[in-house]
Structures are given as C-alpha cells and as structure tokens.
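Biologist: Could you walk me through reading strand pairing and helix packing in a model like this?

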Amino acid sequence: MDHAEIRAEDNASTVTHFILLGFSDLPNLQGFLFGMFSLAYIIILIGNSSIIVITILDPALQKPMYFFLANFSSLEICYVSVTLPRILYNIGTQNRNIPKLACATQTCFFLILGATECFLLAVMSYDRYVAICNPLHYPLVMNPVKCNQLAAGSWLGGMPFQVAQTCQIFSLSFCNSNRINHFFCDLPPILKLACGDTSVNELSVYLVTILIATVPFMLILASYSKIIATILKLPTATGRAKAFSTCSSHLLVVFLFFGSATVTYLRPKSTHSPGTDKLFSLFYTIVTPMFNPLIYSLRNKDVIAALRKLLLRK
C-alpha cells in the first residue's frame, strides 16, 4: 500500500486522496480493535433499533417524549454509520486511503448529524419543560404537527451551515501532507494539513460551533433550571422522584455529548494533540451512542415495560 506523503514542496493540486492514520500506531492491536469496534457497532444498532421498534409498536409509548426518543435513536444509528464502517474497513483491509471527495462527504454528513443531535437534544429538553412546567397545556403545545415540525427542524436546521463549512474547508489547498492523524475526516486534523494561514477558517469553525452547539446547550440549561425549580415545588416526594427520573437520563446524555464535543472543537489549537483528539472523538462518536439506549431504558419504567412486552411476545 502506498503511504507516500505529499510534502509542502509538491503541487497542492496533486492531493486527490488522504490517508487516515487512525490506529496504525498500534500494529499489535489491530485484530482486537476490529473486534471491539465491530461489537460496539452491533450493540449500537441493536440497542437503538430496539427503542425505535418499541416506540412504534407499543401504544403506551405513543407520546411526544418517545417520538423524539425514536428520532434520537435513528440519529445515533446514522451518526455512527458515518464513521464506524470506514474504521472497520481501514482496520480490516489495512488500506487507509480515502479519496478527497469521500473524505469531504464523510465530514459533511458527520457535521450535519452532529448539528442535528445538538438541536434534537434541545427540543427534547423543551418537551420536558412543557410537560413538567405547563402540564395542562402540554397536549395542546406538543401536538403531532408541532412535534413533526420540531423534528424536521432539528434534522434540517444545521444543513446549510455545515454544507457551507465543508465546502469552505475542502476548497483550501493541502500541501503540508495528505496524512490525517485521526480515524475519520474531522475538521481540526484536516485544517492542520492546509497551506498558508487558516485563521479565518478556524474562526469560522468556532463561530459555527458556538451557534450550533453552545446556543442549544444554553437553551437546555435554561429549560432545566426552570424544570428543577418546578420539581422542587412538588408537594410529594414520589412526584419529585418521578419527575427527576424522567429528566436525569436526558441530562446525562446532554452532558456526555456536549462535554466531549465542546472540548474537541472549542479548545485552543495549541492544546490539540492527535492522541487527545482521538480519545474525545471516540467518546462522542461511539461510546455515547452505545450507552444512550441503556441510559434511557434503565431510567424509564415505560421503556423497560415495553421491552419486556416485546420480548415476551417473541
């Protein structure tokens, strides 16, 4: 396999493909990594597909909260499928080449789905806010039309920004190297390969991240501050426990995703290192989607009951 590096003195137009180094620095662990990533992918597919199936089949789950949860599980399957199959292909074949167009496509879909996750988590917190703080108006506010509009907005809202950002990044000239020290085509390692001053592009990444990640996160915090204040006013301990139970799983997912993603994209460039970037990226691209079904099912009696019913039926 040709691992010839394209150096700075070469013509930038010769960069027609990149090399995803991934975990090539661990040659003795390639078989183990392939097995672990394969297992993680299977767990993610089964766990999230199960949630989608039970929310469709069980009448008790025909509620806005579970409608958004089904959307979230669909999103996690798509999100992971952008990166994990390519990781498995690279490890399995030891062919780490990826065409420039394929790399740009992977980046674009990864960013769009990442934006969708930010928006969808904000929508889910809004749903809990209305359910707990305005329970009498909940059926009216979260009607089927409104739910479909919020879901569609979450899926499509980040698309213009992320398509534009991908086009901007991949229109740069790449002359430093064609070796991406990452396991997928992510923005920080790609920007390192670009020729000349990339400060404008880095500023663009920061601004888009603030718009798409920080703003939804602040809305989530605002929603939950009102939710917690309302819960604490409930007269019975049972009512407070039930309300906290339905919200705690969502809050845990929010902090897992936003925490790791924010550290990756909002850290100063000087603090980036390939090892740290890979670790944080693994967390929000694979680990979080793998545990999300477990987090939601273990903390939700309705989901557990629906899963039992489905298994008994089979």
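Modeller: Leu20 has Ile180 as its bridge partner in β3. This is a predicted model, where local features need pLDDT of at least 70, side-chain atom pairs count only at pLDDT 80 or more, and totals for chains, interfaces and linings use all residues. Residues are numbered from 1 along each chain as its sequence is written, and side-chain values use heavy atoms, without hydrogens and water.

Biologist: Which way do β1 and strand β3 run, and how many bridges join them?

Modeller: Two strands pair if DSSP finds at least two bridges between them; strands are DSSP runs of E, at least two residues, numbered from the N terminus, and helices are runs of H or I, at least four. Here β1 and β3 (residues 179-180) run parallel, joined by two bridges. With β2 (residues 97-99), β1 (residues 17-20) runs antiparallel through three bridges, and Phe18 is partnered by Ile98 of β2.

Biologist: And how do I read helix packing?

Modeller: Two packed helices are described by the angle between their axes and the distance between the axes. Axes are lines fitted to C-alpha atoms over the stretch in contact, with angles from 0 to 180 degrees between N-to-C directions. For α2 (residues 64-93) and α5 (residues 144-156), the angle is about 20 degrees and the axes are 11 Å apart. So α2 is roughly parallel to α5 (angles under 35 degrees count as such).

Biologist: Where is Lys233, and is Lys233 buried or exposed?

Modeller: Lys233 sits in the loop between α8 (199-232) and α9 (237-266). Its relative accessibility is 70%, so Lys233 counts as exposed (over 50%; buried is under 20%, partly exposed in between, with a 1.4 Å probe and protein chains only).

Terms used
Angles under 35 degrees count as roughly parallel, over 145 as roughly antiparallel, 65 to 115 as roughly perpendicular and the rest as oblique.
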